[in-house]
Amino acid sequence: MYLISPLKKQYKANLHCHSVFSDGKRTPNELKEMYKSRGYSILSITDHEAPKSHSYLNDDEFLTITGYETYVRPNAECRYDAYGKEIHINLFSRNPENEAIICYNPKYCKYVTDEQKEKFEKVGSQKTREYTTEYINELIKTAKENGYIAAYNHPWWSMENEADILAYEGFFSMEMCNYSSYLIGRLEYNAALYDKMLISGKRIFCHSTDDNHNLHPDN
């Protein structure tokens, strides 16, 4: 039995990385060159709270998927707590030209200029983000209603517990492994969690990513 048919054409893809539009160190053009030279044919550049189409990079052998990374923290001022829980979600647009930002909150747009913030197409509630199951599920629902699909990022790094995760609704996939997070703590391999999600009735896909920020000159 084959889980993936050997008769089907396969594509090497990465669905989570960052560029100079947030906290990455490479331009989108540089990222295309780096990934394509390593055999990738699909890339999503998921900058933090910075939805941006990179379809200008597409060619006959390379496709970009428009997306961005959104997140919710318990702190109302969006301050990072190394010992606290938070959630990160990658949103992928079904329409490559869709650059709408879901549930916009300026405190989270740390890498975006005021001019860029003014130009955003803002969709959904713009109230203070709340780290609650109800709010997060509403964010996912709003994203889906506005042309996005949602993937759950690096649960170990986010320090969420099983009860938190099983209460979320609407994810199409979860990161089985996030290599950057794995390098930090050696724990970001989520097969056991994925099994529990399936057993609980959440029939979602899984994928692995590198979450590359290119902080070192050779990668």
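1. Met 1, Leu 3 and Ile 4 make up a nonpolar surface patch, with about 480 Å² of accessible area together. Patch members have over 30% relative accessible area and no salt bridge, and nonpolar side chains (Val, Leu, Ile, Met, Phe, Trp, Tyr) are joined within 5 Å. A salt bridge is a side-chain nitrogen of Lys or Arg within 4 Å of a carboxyl oxygen of Asp or Glu. Areas come from the Shrake-Rupley method with a 1.4 Å probe.

2. This is a predicted model: local features need pLDDT of at least 70, and side-chain atom pairs count only at pLDDT 80 or more. Residues are numbered from 1 along each chain, and side-chain values use heavy atoms.

3. Ile 4 lies in the segment before strand 1 (13–14). Ile 4 is exposed, at 56% relative accessible area; exposed means over 50%. Strands are DSSP runs of E, at least two residues; helices are runs of H or I, at least four.

4. Five strands form an open, mixed sheet in the order 4-5-8-9-10. Strand 4 (67–72) and strand 10 (205–209) are the edges; each has a single partner strand, so one side of each lacks a neighbour in the sheet. Pairing requires at least two DSSP bridges.

5. Ile 89 stands opposite Tyr 152 in strand 8.

6. Helix 3 (residues 133–145) packs on the sheet and touches strands 4, 5, 8 and 9 (171–178). Contact means heavy atoms within 4.5 Å. The direction of helix 3 makes about 10° with that of strand 5; angles run from 0 to 180 degrees between N-to-C directions.

Methods. Patches are made of residues with over 30% relative accessible area and no salt bridge: like charges are joined within 9 Å, nonpolar side chains (Val, Leu, Ile, Met, Phe, Trp, Tyr) within 5 Å. Buried means under 20% relative accessible area, exposed over 50%, partly exposed in between (1.4 Å probe, protein chains only).
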